[in-house]
Amino acid sequence: MSDRAIIQQVLAGDVEAFAQIVDRHYARCARIALRIVGNREDAEEAIQDAFLRAFKALDNYEDQERFSAWLTRILVNQCRTVLARSKRRDAVFLDLDVRQLDFAVDAEDGEGGGPWPELERMLERLPADQREAIVLKYADDLTYQEMSRITGAGESALKMRVQRAFARLRALLKEASNV
């Protein structure tokens with residue numbers, strides 16, 4: 001059943017059907033939130049708040065955009081709220097280059113169990129806006145246009161954030177290899 005059909009069920013009064021939406025999108029949301037906020041507890045808080053807000057706002061959902069993009073926008077905003085609340089601006093995401101991101105996105109434990117655990121520690125040093133851009137671009141495979149709708153930032157600003165994140169990560173990796 002499509003997201004659209006499930007949403008119609010929920011709006012028609014079958015609120016239990018929303019559990020299908022949660023089941024379908026939870027794993028992707030968990031990967032994104034964990035990599036933006038940096039720890040499971042804060043990620044879980046952001047995810048729960050995002051699904052609750054999405055449920056309450058379903059009647060405002062405009063069918064012309066992908067539901068997953070709409071939900072991601074809500075999730076990213078909740079991650080920002082969690083980070084602001086905990087005053088933790090520098091969390092985690094794993095990256096070296098695009099080819100290596102695949103294993104990071106698919107890593108089940110999300111705790112640096114992949115082949116480069118030192119990268120997890122380096123990513124704690126990325127600014128939140130750069131980490132967020134990398135997550136949306138590579139973990140959620142969004143276009144810059146979709147990212148712009150989600151974050152409210154311009155496409156050129158997002159491209160620059162991704163570019164700066166890669167440059168910072170390269171510098172950190174080089175620094176670590178010289179130690």
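Does Q9 count as buried, partly exposed or exposed, and at what relative accessibility? Q9 counts as partly exposed, because its relative accessibility is 27%. The model is predicted, and its chain holds nine helices and zero strands.

**Overall architecture**

- From the N terminus on, the order of elements in the chain is α-α-α-α-α-α-α-α-α.
- The chain has 179 residues, and buried residues make up 46% of them.

**Helix 4**

- Helix 4 covers residues 67–86.
- The 20 residues of helix 4 should span 28 Å at 1.5 Å a residue, and this agrees with its end C-alpha atoms, which are 28 Å apart.

**R73 within helix 4**

- R73 is found in helix 4.
- The relative accessible area of R73 is 19%, and R73 is therefore buried, given that the cut-off for buried is under 20%.
- A polar atom of the R73 side chain lies 3.4 Å from the backbone oxygen of R149.
- Beyond its neighbours within four places in sequence, R73 is in contact with E65, R149 and I150.

**Helix 2 against helix 4**

- Helix 2 comprises residues 18–37, and its axis comes within 10 Å of the axis of helix 4, with a crossing at roughly 40 degrees. That angle makes helix 2 oblique to helix 4.
- The crossing of helix 2 and helix 4 is right-handed.
- On the helix 2 side, the residues that meet helix 4 are I21, H25, R28, C29, I32, A33, I36 and V37.
- On the helix 4 side, the residues that meet helix 2 are F67, S68, L71, T72, L75, V76, C79, V82 and L83.

**Helix 2 against helix 3**

- Helix 3 comprises residues 40–56, and the axes of helix 2 and helix 3 come within 9 Å and cross at roughly 140 degrees.
- Helix 2 and helix 3 are therefore oblique to each other, since the angle for roughly antiparallel must be over 145 degrees.
- The crossing of helix 2 and helix 3 is right-handed.
- Helix 2 contributes F18, I21, V22, H25, Y26, C29, A30, A33, L34 and V37 to its meeting with helix 3.
- Helix 3 contributes R40, D42, A43, E44, I47, F51, A54 and F55 to its meeting with helix 2.

**N39, between helix 2 and helix 3**

- N39 lies in the loop between helix 2 and helix 3.
- N39 counts as partly exposed, because its relative accessibility is 23%.
- The backbone nitrogen of D42 is reached by the side chain of N39 at 2.7 Å.

**Q9, in helix 1**

- Q9 has its place in helix 1, which covers residues 3–11.
- Apart from neighbours within four places in sequence, Q9 is in contact with M1, D14, A17 and Q20.

How values were computed:
Residues numbered from 1 in each chain as written. Predicted model: local features only at pLDDT ≥ 70, side-chain atom pairs only at ≥ 80, totals over all residues. Heavy atoms only, no water. Helix = DSSP H or I, 4+ residues; strand = E, 2+ residues; numbered from the N terminus. Buried < 20%, exposed > 50% of the residue type's maximum accessible area, 1.4 Å probe, protein only. Polar contact = N/O pair within 3.5 Å; in protein donor to acceptor, adjacent residues only side chain to side chain. Contact = heavy atoms within 4.5 Å. Expected span 1.5 Å × (residues − 1). Axes fitted to C-alpha atoms, helices over the stretch in contact; angles between N-to-C directions. Parallel < 35°, antiparallel > 145°, perpendicular 65-115°, else oblique. Left-handed = near helix turned anticlockwise from the far one by under 90°.
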